Each structure stands twice: as C-alpha cells, then as structure tokens.
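Please look over the chain below.

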Amino acid sequence: MPKYRISQAAALLGVSDDTVRRWIDTGRLGAHNGNGPTVIDGADLAALTQQLATAPALGTAVAESARNRFTGLVTKVVKDGVMAQVDLQCGPFRVVSLMSSEAATELGLEPGVLATASIKATNVVVEVPEP
C-alpha cells in the first residue's frame, strides 16, 4: 500500500501541512509514526479526497483553459476478465478511465496509488463565465 508524507498529502488535498496535522490529531485522517517521518496510507487519503471533493462554484473568475493532465489518487479499480475501470480523484474532479485489466495490473493501480490521467479529446469545450 502506498504511503504519503504529510507534505505530499497536503499538496494532493490542496490544504496546508498544518491542516493535515490537525486532521491527524483529531482522528479525521489516520497516520503512522514509525522510525521515520509520519506517513498516511494511500487508501485512507483517497477516501478523504472523495469526502472533500466539491465542484467549483459557478461564476468563479476563470481566465484559462484547463490542461489535459490531472494528477490525483486512485479511489477504485474494478477488473473483469478483459477490462478495468479505474477511478481517480483529482482535486474536486473525478476522472474515470477504461483500460485493459492487464494494463491496470502492470501499472499497479489500486486505491491510494498516485497517478496522472492524460486526456486527449477531439472536442474540448472551453467556457468563461460572464464578468
């Protein structure tokens, strides 16, 4: 199971290191203190990302087009004989990928693994809210 340091977890959650420490202190997020730095299980972090995910408010000032690479945590992997569905939580966005089961296995995809979804589309709609 992947483990993440407090600073990595904070970056993935979009909060400060101190916020992650407070969540650990209050029991909202589990952590392990061994002989090294405090670490958080990837699956626990993935579960928290889903709890915290909220869609951006409509009408927020946006002046740029989103890039086509989204980094986040794998939250679910469902495999059958041939295909796999892989869910990622990338900040407030859920990204779902369909791939071969073989590819998911070779990539070691499981809840808590850090991954980047690279999206190529022939039609991309870009919207900018009214000022």
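## Pro37 and its surroundings

Leaving out residues up to four places away in sequence, Pro37 touches Arg5 and His32. This is a predicted model. Pro37 sits in the loop between α2 and β2. Is Pro37 buried, partly exposed or exposed? Its relative accessibility is 44%, so Pro37 counts as partly exposed. The cut-offs are under 20% for buried and over 50% for exposed.

## Overall layout

The chain has four helices and six strands. Along the sequence they follow the pattern β-α-α-β-α-β-β-β-α-β. The chain holds 131 residues, and buried residues make up 27% of them.

Take the contacts between residues at least 6 apart in sequence. Of these, 53% join residues at least 24 apart. The accessible surface of the chain comes to about 8700 Å². Carbon and sulfur atoms account for 52% of that surface.

## The four-stranded sheet

Four strands form an open sheet in the order β5-β4-β3-β6, with antiparallel pairing. The edge strands are β5 (93-100) and β6 (114-118), and each pairs on one side only. On average, neighbouring strands of this sheet are turned by 45° against each other, direction ignored. Strands of a sheet pair through backbone hydrogen bonds.

Strand β3 covers residues 69-79, and strand β4 covers residues 83-90. The two run antiparallel and are joined by six bridges. Val78 has Gln85 of β4 as its bridge partner. β4 and β5 pair in the antiparallel sense over eight bridges. Here Cys90 has Phe93 of β5 as its bridge partner. β4 and β5 form a hairpin with two residues between them. Gly91, in the turn, has a positive phi of about 65°.

Which residues of helix α2 (residues 17-26) are buried? They are Thr19, Val20 and Trp23. Seen down the axis of α2, these buried residues fall within an arc of 100°, so they line one face of the helix. An α-helix has 3.6 residues a turn, so residues three or four places apart point the same way.

The buried residues of α2 pack against α1 (6-13), β2 (39-41) and α3. Just after α2, Gly27 takes a positive phi of about 85°. Helix α3 (residues 42-52) lies across β3 and β4. Its direction is at about 110° to β3.

## Ser101 at helix α4

Ser101 belongs to helix α4 (residues 101-106). Its relative accessibility is 8%, so Ser101 counts as buried. Which residues does Ser101 contact, leaving aside its neighbours within four places in sequence? They are Lys79, Asp80, Gly81, Val82, Met83 and Ala84.

Met83 also takes part in a polar contact with Ser101. A polar atom of the Ser101 side chain lies 2.8 Å from the backbone oxygen of Met83. Of the residues that Ser101 contacts, Lys79 lies within the range of β3 (residues 69-79). Met83 and Ala84 lie within the range of β4 (residues 83-90).

Terms used: Residues numbered from 1 in each chain as written. Predicted model: local features only at pLDDT ≥ 70, side-chain atom pairs only at ≥ 80, totals over all residues. Heavy atoms only, no water. Buried < 20%, exposed > 50% of the residue type's maximum accessible area, 1.4 Å probe, protein only. Contact = heavy atoms within 4.5 Å. Areas by Shrake-Rupley, 256 points an atom, 1.4 Å probe, with all protein chains shown as cover. Pairing = 2+ DSSP bridges. Axes fitted to C-alpha atoms, helices over the stretch in contact; angles between N-to-C directions. Arc of directions from axis to C-beta. Polar contact = N/O pair within 3.5 Å; in protein donor to acceptor, adjacent residues only side chain to side chain.
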